[in-house]
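Here's a quick tour of a protein model, put together for someone just getting started. Have a look at the sequence and the 3D view, then come back for the notes.

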Amino acid sequence: MGSTLLPDTGAEIFIPVCALIGIAFSLLQWLLVSRVKLSPSAEPRNAGAKNGYSDSLIDEEENINDQAVVLKCAEIQNAIAEGATSFLFTEYQYVGIFMAAFAILIFLFLGSVEGFSTSSQPCTFDKTKMCKPALATAVFSTVSFLLGALTSVLSGFLGMKIATYANARTTLEARKGVGKAFITAFRSGAVMGFLLAANGLLVLYIAINLFKIYYGDDWGGLFESITGYGLGGSSMALFGRVGGGIYTKAADVGADLVGKVERNIPEDDPRNPAVIADNVGDNVGDIAGMGSDLFGSYAESSCAALVVASISSFGVNHELTPMLYPLIISSVGILVCLLTTLFATDIFEIKAVKEIEPALKRQLIISTVLMTVGVGIVSWVALPSSFTIFNFGTQKVVKNWELFLCVGVGLWAGLIIGFVTEYYTSNAYSPVQDVADSCRTGAATNVIFGLALGYKSVIIPIFAIALSIFVSFSFAAMYGIAVAALGMLSTIATGLAIDAYGPISDNAGGIAEMAGMSHRIRERTDALDAAGNTTAAIGKGFAIGSAALVSLALFGAFVSRAAISIVDVLTPKVFIGLIVGAMLPYWFSAMTMKSVGSAALKMVEEVRRQFNTIPGLMEGTGKPDYANCVKISTDASIREMIPPGALVMLTPLIVGVLFGVETLSGVLAGALVSGVQIAISASNTGGAWDNAKKYIEAGVSEHARSLGPKGSDCHKAAVIGDTIGDPLKDTSGPSLNILIKLMAVESLVFAPFFATHGGILFKIF
């Protein structure tokens, strides 16, 4: 064993300082975005020719009054912001009731393990020592659950606020050149990324220190109660993802089917009644939902690592610095992402459309390379040269360089998954171009090619995940897998900045169209949006890959906590759980897909009704009723998000209570194995269909132009494929990674109760 180069005091200062630096940097980025004014008088006229274009607005907007354009953009932005805020408040009211009920359930279940006794009890993993009562675990798990839920809500809400603040500003900057628009959108995404990463780290660190006042030397009990933080984060993420996904796709499908296919009007045309709801949906689904989702992954991977560490030599010997190793990795991640962001906003200048996607890819590469160096330094200074890690009843000797390799393999596996996702979803490569080409013979062949692409895109990511699991488990057992997941999420601030950039650019394009800006500006926002679609797919790839590692780490912690010595798939108890667990992602996907379909049906009927009954709507003289479409999306998503959410939240409770921990371990393994495959294929299929449509619309290459302009039969077939893919890539696919994580972390939190009182049916019969 041995001491660490970084003293305990150094670790205790380093973590909160890095979190505060992250918050300060996000506020600085917000300040820079706010310099783009939404008032006509404050717009500069001639400020040079940076970013490859003149700043003069007159030649950009030849026939449009400049002040009218700015005011129109501000008006549209307000409508989108109001719709998004209204939806999230409504969603949080319903989810708040659910969370309060679930918090009571946590307290009752965990408190009843020792009959609500307040006396100390023998420690789970060392019967010679006395630990805090189960009632304390119940109270503190409930508190950390509520803390995680509130942090998740805050992460999603702040992300949505900055996105709706920045969308019109990105549109206005597009008049000066694609470079300035890119920087505005990217900085706005960085605000969300750094706020989320820093807040998640800071709240977790404060919670650990506050809980330590009561727990003292009982680190096993302390970090067991902290797992509620991950459960709270993922619970809110589930409802945010499902509710937001249903909202955005109901509006999107309704707007596309009637507007593009039936009425042959452009995307985001102000005559389309669903256009505001569609733009609101980008913020509540892709921004607030993704923010909560990745926060949940971060919280759970940290909790899984801390739980395993607390029963290893770090926790047993009360070595604080190595115990906080997962938080130190995240702290270094904030500093690395800060440096990486400067490359996009200050060092490399975007001068042409073709430079956008390489600039975003460069962010991933730079952050991964810098983080590898950072993790190497942290592993050297924050870990002893040799230590032991708990491995299902035994202590495994591990070297600090082995733990560095575990984090590194997760970090680079994330990059591989990101680039494979980009290859299968970007219209710069042959897979998407083949899908676009298949539209020549209609929508059916487009669908067939798209599905085949999605299934094929699963192969390399699964090998990458499998390799990282094998390497990390071989070196450091379940703790290795937990820190590999943390490695994948260590650059979360950059990942979220890239991911949030997409919906902001999409909104900017919509505002440009609705404000009646020139075709030239719409081309720039479309280029930003196309790159954003690919980066959104990369973000989903990261989220799914990290979810697989996180849920496996949580699974290991659950098996240890429930005192299961071996999970034998040949026993009937485990196998029935395995096969039922593998079915759950299909059941969940069916519910979410049907929810989108039902909501879209109502939206299509409403849009058709308005086109048929409002005089002069198609001619542009009549005004559509945007508010009614927003209401349809809001009502449908709130109503439809409850059944899928209940399925995920109640399954571990029902299985654990009725069938016991062995069957539940089978359910978790089955859901993990099938859920990851469906999630990757669904996200990539939807992303490919979307970019195949954009490939035809942009008409950049000779091949794309041969497929016809907007409105051609080929384009209509591509729109149908895109419409089918919408719920796959933005509702079912992203929500599945929360399903596999949430069931695992919930099982871990309730493990003491299931181990003591579970398996009622097997006890009776």
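This is a predicted model: local features need pLDDT of at least 70, side-chain atom pairs count only at pLDDT 80 or more; totals for chains, interfaces and linings use all residues.

We begin with a pair of helices, since two packed helices are described by the angle between their axes and the distance between the axes.

**Helix 4 and helix 5**
- Helix 4 covers residues 178-215 and helix 5 covers residues 219-262; their axes come within 10 Å and cross at roughly 145°.
- That crossing of helix 4 and helix 5 is right-handed.
- On the helix 4 side, the residues that meet helix 5 are N199, G200, V203, L204, A207, I208, F211, K212 and Y215.
- Their partners in helix 5 are G221, L222, F223, S225, I226 and Y229.
- Sorted by type, the residues of this contact between helix 4 and helix 5 come out as 10 nonpolar, 4 polar and 1 charged.

**Aromatic rings**
- How many aromatic pairs are there? The count comes to 28.
- One of these pairs joins F750 and F754, with 6.0 Å centre to centre and 35° between the planes.
- Are F750 and F754 buried or exposed? Both are buried.
- F750 and F754 also belong to one aromatic cluster, together with F98, F102, F109, F145, F239 and F753.

**Charges over rings**
- K132 has its charged end over the ring of Y214, 4.8 Å from the ring's centre.
- R169 does this with Y165: the charged end of R169 sits over that ring, 3.9 Å from its centre.

**A glycine in helix 16**
- G556 is found in helix 16, which spans residues 519-561.
- Why does G556 count as buried? Its relative accessibility is 1%, and buried means under 20%.
- Apart from neighbours within four places in sequence, G556 is in contact with F392 and M478.
- G556 and K212 are 344 residues apart along the chain, and their C-alpha atoms are separated by 24 Å.

**Positive phi without glycine**
- H318 isn't a glycine, yet its phi is positive, near 55°.
- Where is H318? Look in the loop between helix 7 (313-316) and helix 8 (320-323).
- With a relative accessible area of 31%, H318 is partly exposed.
- A477 isn't a glycine either, and its phi is positive at about 55°.
- A477 has its place in helix 14, residues 459-489.
- A477 is buried, as its relative accessible area is 0%.

Key: Residues are numbered from 1 along each chain as its sequence is written. Side-chain values use heavy atoms; hydrogens and water are left out. Rings of Phe, Tyr and Trp (its six-membered ring) pair if their centres lie within 6.5 Å; planes under 30 degrees apart count as stacked, over 60 as edge-to-face and the rest as tilted. Buried means under 20% relative accessible area, exposed over 50%, partly exposed in between (1.4 Å probe, protein chains only). A charge sits over a ring if NZ of Lys or CZ of Arg is within 6 Å of the ring centre and within 35 degrees of the ring normal. Helices (H or I, at least four residues) and strands (E, at least two) are DSSP runs, numbered from the N terminus. Contact means heavy atoms within 4.5 Å. Axes are lines fitted to C-alpha atoms, for helices over the stretch in contact, and angles run from 0 to 180 degrees between N-to-C directions. A crossing is left-handed if the near helix is turned anticlockwise from the far one by less than a right angle, and right-handed if clockwise. Ala, Val, Leu, Ile, Met, Phe, Trp, Tyr, Cys and Pro count as nonpolar, Asp, Glu, Lys and Arg as charged, and the others, Gly among them, as polar.
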